[in-house]
Amino acid sequence: LGADEVVYAQLGEKVFLKSPSSYNATAHYIYWFFGKQEPSRIQLGWRNIMGGVGKTDVNMGSPSLLLPGESLSLDCSVKASYRMTKIHWLNPSGESIGSNQKAIIKTATSKDNGQWTCVVRDNQKEYQAKISVTVLDLDPASSLFQYSSKSSHLTIPCSIPLHISWDQIKAKGLKEVNWQFFPKLPSGGNSDGPQQLFSLYLDQVPLTWKANRTRGLSTEPDLQKGKLSLVRKQGREGDRGDYVCSFKFPKVTLNKTVHLEVLQIISSPGTNLISGQQVNLTCSLGHPLPSDLQVKWLPPEGSSQLSLQSDPHPVHLSIPEIWTEDSGNWECSLWQGGRKLTSDVITLKIEPKLSVWMLVIICSAAVIVILLLIVVFFLYRRRQVQLNHSLLLDCTVVYCKYGNKS
């Protein structure tokens, strides 16, 4: 039928075998076999002149789950040793591993998660075979730094990839899943001991969280989908610190640490002010801002401070005189490049300043009230004197009338 042809195919994947060019589907029967001699010869497929077709299916099992620190072994075997073939691997980032390396044995890390490619070069032609490697990692896509405020929603993220099931994780000997909190001290450091927030009941179906010390936080309802995040409607100043999501296995512990910062606006001397008074506003994380973070102030609509001169806006905003049109919500937002991280809002109440005429009116009213009180007092005293004099006259008349008879 012709010369032998070498076809490279990946184990477990589809392979297409071309029929000889001399084959006529309307005049011949055709059979595909694996192996040349009986009894090891296996029929793979056939086709007849009546249009009938048959085939044999071959399935490949899904790759097993690896934990960081376990051994990753990849072998690209080619059953064509009589030909001059060159083989190398590409990692999930597309980087070449070894110039002519068929097998790879290394310690697995989260960077190994993804699709590896075996590249075979034979007679100026290139063939590729791909295999997926799954290394368990906790929410690698989200940032390790999270920001919140008293005016913003609070989310502390942790999750496992959707394509990894809880049964796969339990099969690796999972012993414990929990959340811990290390509060940030006023000095800027973290406390020595953690606070136990939540732990997972691994023997319950469905999986359920056990609350230890919630700090007002709630767990997301999509636990079965790998969502382990903690949430609350608003942040608090005391939320600053490190939150650690832990998966404990017999020989390794996976930790995801989230550093939470809370933005806060502080007004001095307060939020209830008088028109014309000086006020200082500070937008702060409780420590100096890193160089890659900036703040933006948004005064109330119609405020006399609507256009701030400097860019970027200052963390400390000093207003020599504040007026009634500055009353309302003042917003400070935290930005990193072109991305808004969070914002906080403070409400200033500014009463109008007392004018000279208002002072005159108030003083006049006070004088009138005092004069009225004096008049009432004198009238009262006069009435008392008249009553006493009338009683004295009555006593004299009685004495003169009846006193001499005695």
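Asn-272 stands opposite Lys-349 in β25, within a predicted model in which local features need pLDDT of at least 70, side-chain atom pairs count only at pLDDT 80 or more, and totals for chains, interfaces and linings use all residues. Residues are numbered from 1 along each chain as its sequence is written, and side-chain values use heavy atoms, with hydrogens and water left out. The secondary structure of the protein comes to two helices and 25 strands, where helices (H or I, at least four residues) and strands (E, at least two) are DSSP runs numbered from the N terminus.

**Overall figures**

- Of the 406 residues in the protein, 30% are buried, where buried means under 20% relative accessible area, exposed means over 50%, and partly exposed lies in between (1.4 Å probe, protein chains only).
- The protein has an accessible surface of about 26900 Å², and carbon and sulfur atoms account for 56% of that surface; accessible areas come from the Shrake-Rupley method with a 1.4 Å probe, and for residues only the protein chains shown count as cover.
- When contacts between residues at least 6 apart in sequence are considered, 55% of them join residues at least 24 apart, a contact being defined by heavy atoms within 4.5 Å.

**The four-stranded sheet**

- Four strands, in the order β20-β25-β24-β22, make up an open sheet with mixed pairing, and two strands are taken to pair if DSSP finds at least two bridges between them.
- The edges are held by β20 (272–274) and β22 (294–298), each of which has a single partner strand, so one side of each is left without a neighbour in the sheet.
- Neighbouring strands of this sheet are turned by 35° against each other on average, direction ignored, with axes taken as lines fitted to C-alpha atoms (for helices over the stretch in contact) and angles running from 0 to 180 degrees between N-to-C directions.
- The pairing of β20 with strand β25 (residues 339–351) is parallel and extends over three bridges.

**The three-stranded sheet**

- A further open sheet is formed by three strands in the order β12-β17-β16, with antiparallel pairing.
- Here β12 (154–156) and β16 stand at the edges, and each has a single partner strand, so one side of each is left without a neighbour in the sheet.
- β16 and β17 run antiparallel and are joined by two bridges, and Ser-218 stands opposite Val-231 in β17.

**Salt bridges**

- Side chains of opposite charge can pair when their charged atoms come close.
- Eight salt bridges are found in a search of the whole structure, a salt bridge being a side-chain nitrogen of Lys or Arg within 4 Å of a carboxyl oxygen of Asp or Glu.
- Arg-215 and Asp-239 meet through their side chains in a salt bridge (3.7 Å, N to O).
- This pair links distant parts of the chain, with Arg-215 in the loop between β15 (208–211) and β16 (218–219) and Asp-239 in the loop between β17 (230–232) and β18 (241–248), 24 residues apart.
- Arg-215 counts as partly exposed because its relative accessibility is 21%, whereas Asp-239, at 1% relative accessibility, counts as buried.
- Arg-215 and Asp-239 also belong, together with Arg-232, to a network of salt bridges.
- Arg-121 and Glu-126 form a salt bridge through their side chains (2.8 Å, N to O); Arg-121 is partly exposed, with a relative accessible area of 44%, and Glu-126 is likewise partly exposed, at 40% relative accessibility.
- Lys-340 forms a salt bridge with Glu-331, their closest N and O atoms being 3.5 Å apart, and Lys-340 counts as partly exposed at 42% relative accessibility.

**Backbone features in loops**

- The peptide bond from Val-205 to Pro-206 is cis, with omega near 0°, and Pro-206 lies in the loop between β14 (195–201) and β15.
- The peptide bond from Ser-268 to Pro-269 is also cis, with omega near 20°, and Pro-269 has its place in the loop between β19 (253–268) and β20.
- Arg-215 has phi near 55°, a positive value in a residue other than glycine.

**Nonpolar surface patch**

- Val-367, Ile-370, Leu-371, Ile-374, Phe-377 and Phe-378 form a nonpolar patch on the surface, with about 600 Å² of accessible area together.
- Patches are made of residues with over 30% relative accessible area and no salt bridge, like charges being joined within 9 Å and nonpolar side chains (Val, Leu, Ile, Met, Phe, Trp, Tyr) within 5 Å.
- Ile-370 lies in helix α2 (residues 356–402) and, at 48% relative accessibility, counts as partly exposed.
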